[in-house]
Amino acid sequence: MSYKKILTVQDISCVGQCSLTVALPIISACGVECAVLPSAVLSTHTYGFNGFTFRDLTDDMPKIKDHFVKEGIKFDAIYTGYLGSAKQIDYVIDFFNQTANDDCVKIVDPAMADNGSLYTGFDIDFVKAMRTLCGKADYVLPNLTEACFLTDTEYKTEYDKSYIDGIIEKLIALGAKNVIFTGVSYREGKTGIVVFENGEYAYYEHDFLPGSCHGTGDIYASAFTGALIRGKNAFESAQIAADYTMECIRATADEKDHWYGAKFEPVLGKLIEMINQ
Ligand code: PXL
């Protein structure tokens, strides 16, 4: 196996089981070297906590990039998650342009919204910048809310295949090469992932687990990235990430005090088994 190195760019939420505290252990467990570029440090994530601190690291990003360039450090994949501002998106594009190996895979999780609304702190200017970043990605991994914001589409909770296919077409028109569309549900009790790769659609349907947990988008995107960079194809990676995320939700369900994230740690072994199969 050739040894691959990923750069992931997202915040550190000190507490909350999301972003870097999820991406680093999951990608490492997949057997891939994971370099990190923290975009901000928050005391907690922003969903359900009040009064969190926010240390913006935007100004460090170009300096870190310049050092990487000087050292000749390049990556086989760059995976972005939660980013703090439109300015950070410009800097991420500089990393895409200057620190990518020739066949570097660019994976963008436009982590900015869920359940019909933007997360605290984001506005339409951020959404516009995220459209540009998605246009440079090999894989974008939006949920339905994010996909609607990115494509200026009305958010619906009930829809059919033509609604989803129309959104995918608009994401491709932004420039995204492939789309991994999470949380797409065509029947009650089920949900799934639409994988649109090289112009072909595939769908992985699985049970909808009630009792949703926060942070599962980051778990999903990190496991997808790890599997893809370990050589699984996009559909296999989407499937592994979905099965792993469900294991995490099952491990957390019924835990009223654990509302802020999913217990992904005890089931990392199952992810490793799936990756090695
Ligand atoms: O899980 C996405 C995420 C990442 N980072 C921060 C967040 C969120 C979602 O709320 O607030 C800081």
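Reader: Are H5 and H6 parallel, perpendicular or oblique to each other?

Author: In this predicted model, the axes of helix H5 (residues 144-151) and helix H6 (residues 161-174) come within 10 Å and cross at roughly 55°. Angles under 35 degrees count as roughly parallel, and 65 to 115 as roughly perpendicular. H5 and H6 are therefore oblique to each other.

Reader: Is the crossing of H5 and H6 left-handed or right-handed, and how many nonpolar residues does the contact of H5 with H6 have?

Author: The crossing of H5 and H6 is left-handed. On the H5 side, Leu 144, Ala 147, Cys 148, Leu 150 and Thr 151 take part, and they meet Tyr 163, Ile 164, Ile 167, Lys 170, Leu 171 and Leu 174 in H6. By class, the contact of H5 with H6 has 1 charged residue, 1 polar residue and 9 nonpolar residues.

Reader: Is H1 roughly parallel or roughly perpendicular to H7?

Author: Helix H1 (residues 20-29) and helix H7 (residues 216-229) have axes that come within 9 Å and cross at roughly 30°. Angles under 35 degrees count as roughly parallel. The crossing angle therefore makes H1 and H7 roughly parallel.

Reader: Which residues of H7 make the contact with H1?

Author: H1 passes H7 in a right-handed crossing. From H1, the contact is made by Val 22, Ala 23, Ile 26 and Ile 27. The residues of the contact of H1 with H7 divide into 6 nonpolar, 1 polar and 1 charged. The H7 residues are Asp 218, Ile 219, Ser 222 and Ala 223.

Reader: Asp 218 is also among the residues around the ligand; how far is an N or O atom in its side chain from an oxygen atom of the ligand?

Author: The residues around the ligand include Asp 11, His 45, Thr 46, Tyr 82, His 214 and Asp 218. A polar side-chain atom of Asp 11 lies 2.8 Å from a nitrogen atom of the ligand. For His 214, a polar side-chain atom lies 3.3 Å from an oxygen atom of the ligand. Between an N or O atom in the side chain of Asp 218 and a ligand oxygen atom, the distance is 2.8 Å.

Note on methods. Residues numbered from 1 in each chain as written. Predicted model: local features only at pLDDT ≥ 70, side-chain atom pairs only at ≥ 80, totals over all residues. Heavy atoms only, no water. Axes fitted to C-alpha atoms, helices over the stretch in contact; angles between N-to-C directions. Helix = DSSP H or I, 4+ residues; strand = E, 2+ residues; numbered from the N terminus. Parallel < 35°, antiparallel > 145°, perpendicular 65-115°, else oblique. Left-handed = near helix turned anticlockwise from the far one by under 90°. Contact = heavy atoms within 4.5 Å. Nonpolar A, V, L, I, M, F, W, Y, C, P; charged D, E, K, R; others polar. Near = heavy atom within 4 Å. Polar contact = N/O pair within 3.5 Å; in protein donor to acceptor, adjacent residues only side chain to side chain.
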